[in-house]
Amino acid sequence: MVEKDIEEIIDRKLSIRKDEERIKDKDLFEVVEEVFDRRTVLAVIELCRRKCLKRLKGVVSAGKEARVYWAKGPNNEDLAVKIYLTVTAEFRKSIWKYIKGDPRYEWIGKLPRHKLMVVWCRKEFSNLKRLYKAGVKVPKPVCWYQNILVMEFVGREGVRAPLLKELYEAGSLTEDFAEKLFWKIVDQIKRMYWRAGLVHADLSEYNIMVWNDEPYIIDVSQAVRLDHPNAQGFLYRDIYNIVRFFREDVGLDIPSPDEIYKDVVEGEEGREYE
Ligand SMILES: Nc1ncnc2c1ncn2[C@@H]1O[C@H](COP(=O)(O)OP(=O)(O)O)[C@@H](O)[C@H]1O
Ligand SMILES: [Mg+2]
């Protein structure tokens, strides 16, 4: 059974399509018309039919290529729904460095927009699954269909957890807490590397959420396997970004990127993840 408000959204959406002049509801226009094309609306319905989703609530984040929504699952649990909406020329360019040289994905560079979005969404889901299985703190993957990925909601009652960056800006990072978080993040990088065989490749204070004092790694679509020709370069850059943030912004006295890199790839602690 498709929930009432989803049905209502679809009805409204279809009527908007029929007569664009009649759009009155600004909020609905934002959530539905501007964002959802027909394919996406149908994909939402399909996810409801599969009992993966029950109700789509508010927007949590509106990025250029994807939007994240707060949603409810069949047991009324909170979910996060990431919907890939469009492939910009910039996006196509930016993903090339991650897929080039990766035999699993190089072919997708030439795909038309919609298909590329679907493959990218599937890639994020499979990376998320691999990381979750390896015990990395990521939102638990639930299901995916077409350009829509459904996962655990990090936060409570529709209020998402803060990003590491936001926590810092709000002045909530005491030195002691920051240092604990830093080492927990290094530990997550090691787990990704040793247990999941993946490098995040876009890690920074913008792709880490902090919930119950734990760092949650998000936005994993571009993560690469260790056999990617530039896996080590991406790993170094991830580490560099994190060390730079904690050293220069937060002001912690922590080891250099080179030392952390060494610790991750060959340090004794690293070995325990083999
Ligand atoms: N599982 C989640 N639970 C709650 N909020 C999330 C979740 N995943 C992402 N978000 C929110 O959505 C934003 C965008 O998600 P992200 O995966 O980083 O996509 P983008 O490609 O737009 O950067 C995040 O910064 C975060 O605020
Ligand atoms: Mg992001």
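**Figure 1. Overview of the predicted protein model.** The model is a predicted one. The protein comprises 274 residues, and 49% of them count as buried. Its secondary structure consists of 10 helices and 11 strands. When contacts between residues at least 6 apart in sequence are considered, 60% of them join residues at least 24 apart.

**Figure 2. The largest pocket and its lining.** The volume of the largest pocket is about 880 Å³. Its lining is formed by 33 residues, and those nearest the centre of the pocket are S61, A66, K82, N207 and D219. Two or more lining residues come from each of the strands β1 (55-62), β2 (66-72), β3 (78-84) and β5 (148-152), and likewise from the helices α4 (89-99) and α5 (113-133). The greatest contribution is that of α4, which supplies five residues. By residue class, the lining is made up of 18 nonpolar, six polar and nine charged residues. Residues of domain 1 (4-158) and of domain 2 (161-271) both take part in the lining, and the largest pocket therefore lies between the two domains.

Figure 3. E124 is located in helix α5, an element that gives two or more residues to the lining of the largest pocket. E124 is buried, because its relative accessible area of 2% is under 20%. The side chain of E124 forms a polar contact of 2.4 Å with the side chain of Y84. Apart from neighbours within four places in sequence, the residues in contact with E124 are K82, Y84, L149, D219, V220 and S221.

**Figure 4. Close-up of the pair E205 and R244.** E205 is situated in the loop that runs between β8 (198-199) and β9 (208-211), whereas R244 belongs to helix α8 (residues 231-249). Their side chains are joined by a polar contact of 3.2 Å. Along the chain the two residues are 39 residues apart, and a distance of 10.0 Å separates their C-alpha atoms. The relative accessibility of E205 is 5%, so E205 counts as buried. R244, by contrast, has a relative accessibility of 24% and counts as partly exposed. Beyond its neighbours within four places in sequence, E205 is in contact with L163, L164, K165, N241, I242, R244, F245 and D249. For R244, with residues up to four places away left out, the residues touched are E205 and D249.

Figure 5. I208 forms part of strand β9. Its relative accessible area is 0%, so I208 is buried. Not counting residues up to four places away in sequence, I208 touches P162, L163, L164, I185, L203, P215, Y216, I217, I218 and I242. One of these residues, I185, is 23 residues from I208 along the chain, and the C-alpha atoms of the two are separated by 8.9 Å.

Figure 6. When neighbours within four places in sequence are set aside, Q232 is in contact with Y193, Y261 and V265. The C-alpha atoms of Q232 and V265 are 9.2 Å apart, and 33 residues separate the two along the chain.

Figure 7. K51 is not a glycine, yet its phi is positive, at about 60°. The residue K51 is placed in the loop between α3 (38-49) and β1. With a relative accessible area of 54%, K51 is exposed, because this value is over 50%. Q146 likewise is not a glycine and has a positive phi, of about 55°. Q146 occupies the loop between β4 (141-145) and β5. Its relative accessibility is 29%, so Q146 counts as partly exposed.

Note on methods
Residues are numbered from 1 along each chain as its sequence is written. Chains are lettered from A and ligands numbered from 1 in the order in which they are written. This is a predicted model: local features need pLDDT of at least 70, side-chain atom pairs count only at pLDDT 80 or more; totals for chains, interfaces and linings use all residues. Side-chain values use heavy atoms; hydrogens and water are left out. On a 1 Å grid over the protein atoms alone, a cavity is a set of points where a 1.4 Å probe fits but cannot get out, and a pocket is an open set with protein on both sides within 12 Å along at least five of seven lines; lining residues have an atom within 4 Å of a point. Grid points are joined across faces, edges and corners, and a volume is the space filled by probe spheres set on the points. Helices (H or I, at least four residues) and strands (E, at least two) are DSSP runs, numbered from the N terminus. Ala, Val, Leu, Ile, Met, Phe, Trp, Tyr, Cys and Pro count as nonpolar, Asp, Glu, Lys and Arg as charged, and the others, Gly among them, as polar. Domain bounds come from an automatic or database domain assignment. Buried means under 20% relative accessible area, exposed over 50%, partly exposed in between (1.4 Å probe, protein chains only). A polar contact is a pair of N or O atoms within 3.5 Å; within protein, one must be able to donate a hydrogen and the other to accept it, and residues adjacent in sequence count only if both atoms are side-chain atoms. Contact means heavy atoms within 4.5 Å.
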